[in-house]
Amino acid sequence: MGWQGNVLRVDLTAGTCKSEPLNMDWARAYIGQRGLGSRYLAAEVDPKIDALDPANKLIFATGPLTGTSAPTGGRSSAITKSPLTGAIAASNTGGMFGAEIKTAGWDMVIIEGRAASPVLLWIKDDQASLLPADKYWGQSVWAVEPAIKTQLAEPDAKVASIGRAGERGVRFACIVNDMDRAYGRSGVGAVMGSKNLKAIAVRGTRGVKVADPNAFIEAVAAAQAKVAPSPVKDRFEKYGTHPMMDVTNNYGALPTRNSREVQFEGTGKVNAASVRKIRPTDGKASLVTNKGCFACTIACGRIARIDRTHFSLNDKGKDSHYRKPSGGLEYESAFAFAPLLGIDDLEAATFANFVCNDEGMDPISLGGSIAAAMELFEEGAITSKDTGGIEIRFGNAEALVKLAELTGKAEGFGVDIGLGAQRLCEKYGRPEFSMTVKGQEFPGYDPRAMQGMGLAYATSNRGACHIRARPYAADFQSTSSEGKAAVVKDTQDLVAAIDSSGVCVFSANILAAGDYAAMVSAATGEDWSEQRYLEAGERTWNIERQFNLAAGLTRADDTLPKRNLETPAPSGAAKGMVNELDRMLPEYYTLRGWDDDGVPTGQILKRLGME
Amino acid sequence: MKIRVRLVALENLRQPPFDSEGDGVLDLPEGASLADVLARLPLQGLGNVMTLLNDTPVPTDQRASTTLSDNDSIIIFPPLEGG
């Protein structure tokens with residue numbers, strides 16, 4: 001209960017779809033979703049293989065709360081070896097797709113091998129089959145998703161697919177579900193493309209049973225009683241995550257112009273208030289409405305519409321989806337397509353975000369890679385001869401629009417952008433311009449003002465990430481590095497547990513570990529104390545770490561770019577400061593029970609039952 | 001003394017003396033603390049708000065002992081996370 005007990009294993013090479021029982025020992029140790037998927041990956045995939053080799057596997061995993069009425073209970077993860085980082089990838093999505101997998105009767109879908117030609121995986125409850133998808137290859141997400149529903153005559157099916165970016169090996173390609181939600185980070189879409197798997201369509205009608213319905217209703221009601229009146233919920237619902245831009249800008253933690261600066265003078269044109277302003281051109285605001293994922297009463301998602309007079313739409317026909325309301329800017333995409341590039345054009349940023357949804361790309365990594373290209377261009381490491389004539393300078397909104405489309409289709413200089421910032425900067429001889437950790441581009445928080453976030457980036461098992469730990473409150477209290485190692489370690493474990501449960505980490509703004517543990521207990525019929533719940537998160541963190549070490553990563557990969565470690569912040573609360581990673585990292589390793597090289601010791605593995 | 005206050009990401013509190021951008025000036029007696037400023041604002045239910053005094057963060061436990069001076073600049077924002 002809570003768990004369906006079933007794994008769908010799809011061998012694309014053999015063309016088979018088989019059911020097998022879920023490993024319940026692992027489920028009880030890792031909860032589900034991110035943790036359980038990581039356990040399966042570690043057991044079944046050689047960490048040293050190339051991520052785009054057919055021997056890599058792509059695991060779609062739900063948690064025991066996915067598909068239930070638990071607040072935000074619609075989450076699922078895609079776990080694989082990343083082609084961007086060479087480390088483990090665990091990308092988490094909302095929308096409706098994960099809940100549909102669970103409702104169809106599956107805890108996980110394991111994709112292995114490579115199809116001889118493009119295929120569509122069609123899952124209807126306990127039946128699964130592979131269908132030819134040659135006609136969809138070369139098409140974008142927004143073209144394919146409705147076409148698949150029409151082909152299957154299943155308007156209520158949920159679809160996850162890749163765009164041309166995933167087909168053509170863009171290193172930060174994502175998998176888009178429900179048109180504008182995504183398994184976003186670390187290039188999981190490129191792995192799907194390497195397997196010739198264009199899309200997965202699911203229709204589930206079996207439902208999800210919980211072990212103790214009365215206790216579950218009680219636990220969910222208690223959680224909802226916290227969510228409903230919360231001002232956090234109110235703010236997320238009205239403004240989404242976008243208000244963070246004003247916070248980081250005022251704090252001096254807003255990466256600007258490839259992190260050369262930490263405050264952006266054009267914030268007022270691209271912040272949360274700007275999307276509500278009525279445009280003189282069409283009398284409408286950018287923001288149309290908000291949108292919620294499965295079982296979410298917060299509904300932080302944004303739906304936006306591009307100004308029909310904006311230059312980005314010049315070559316879009318009157319029926320183009322780009323002229324209609326679609327998934328809009330959140331903080332990370334807004335930061336990545338505006339301050340990070342020195343651009344104050346809200347419509348261009350929204351357009352680039354639409355391209356990411358249409359072609360299947362991670363907006364954080366696309367923005368970070370274009371930012372690196374802009375610095376390469378400004379410093380003369382690349383010229384317009386390299387870029388096909390595009391003046392890739394900070395502040396150039398037209399360059400953003402062109403490069404977003406070129407990268408999505410892997411054409412022209414977009415092929416180089418699609419390498420990701422690290423490979424791009426290495427190619428052109430200036431690796432120091434790559435604002436990445438383990439090859440993954442920075443989210444919108446500068447590690448000099450936010451010391452804890454710097455440590456979180458450096459130690460994140462999937463490369464730079466803002467949602468693998470929760471040091472926000474501590475970082476906004478003080479720019480000191482004091483005490484941040486413990487905050488990062490503890491919140492990494494909590495987030496890993498949440499990511500393994502089937503709910504959204506944003507709910508942790510309101511709920512605590514005990515709330516999740518109570519819901520998981522009632523759903524599974526197991527006694528999940530708060531301690532056991534957090535220990536499962538710690539176990540997840542360590543299995544990810546072990547995978548990365550076996551892949552060849554070392555302590556040297558737990559670091560930050562020189563810009564954060566050696567160049568003082570030019571303004572803001574941390575003016576004159578650098579990140580003090582050398583002070584925090586040893587303390588962090590000690591708290592983790594790892595040795596000086598960042599390797600889990602026998603003692604910690606014994607405590608976690610991982611020997 | 002005059003204290004300049006900016007409310008960031010606190011859209012619901014943008015009423016006089018604060019303008020539509022969240023900027024306002026408060027009159028406070030000499031010797032007032034940062035905690036006194038917070039006490040004047042309807043921040044209940046928002047959790048532990050964050051504060052900057054002249055661009056320097058002031059932790060929660062230091063606000064009562066942080067005495068203000070004329071023309072100081074304070075930035076207040078809610079405990080946002082994620083993004």
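Predicted model: local features only at pLDDT ≥ 70, side-chain atom pairs only at ≥ 80, totals over all residues.
Two residues are said to be in contact when heavy atoms of theirs lie within 4.5 Å.

The size of an interface is often given as the accessible area lost when the parts come together. For chain A and chain B this buried area is about 2,200 Å², and 57% of it falls on carbon and sulfur atoms. On the side of chain A, the residues that lose the most area to chain B are A:R235, A:N250 and A:Q477, which together account for 30% of what that side buries.

The interface of chain A and chain B also holds one salt bridge according to the rule applied. A:R470 forms a salt bridge with B:E81, and the closest N and O atoms of this pair are 2.7 Å apart.

We can now turn to a pair of helices inside chain A. Helix 2 of chain A, which covers residues 33-44, packs against helix 21 of chain A, which covers residues 530-551, at an angle of about 30°, and their axes are 9 Å apart. Because angles under 35 degrees count as roughly parallel, helix 2 of chain A is described as roughly parallel to helix 21 of chain A. The crossing of helix 2 of chain A with helix 21 of chain A is left-handed.

In this packing, residues of helix 2 of chain A, including A:R34, A:S38 and A:L41, meet residues of helix 21 of chain A, among them A:W541, A:E544 and A:F547. Sorted by class, the contact between helix 2 and helix 21 of chain A has five nonpolar, three polar and three charged residues.

Notes
Residues numbered from 1 in each chain as written. Chains lettered and ligands numbered in written order. Heavy atoms only, no water. Axes fitted to C-alpha atoms, helices over the stretch in contact; angles between N-to-C directions. Helix = DSSP H or I, 4+ residues; strand = E, 2+ residues; numbered from the N terminus. Parallel < 35°, antiparallel > 145°, perpendicular 65-115°, else oblique. Left-handed = near helix turned anticlockwise from the far one by under 90°. Nonpolar A, V, L, I, M, F, W, Y, C, P; charged D, E, K, R; others polar. Buried area = accessible area lost by both parts, 1.4 Å probe. Salt bridge = Lys/Arg side-chain N within 4 Å of Asp/Glu carboxyl O.
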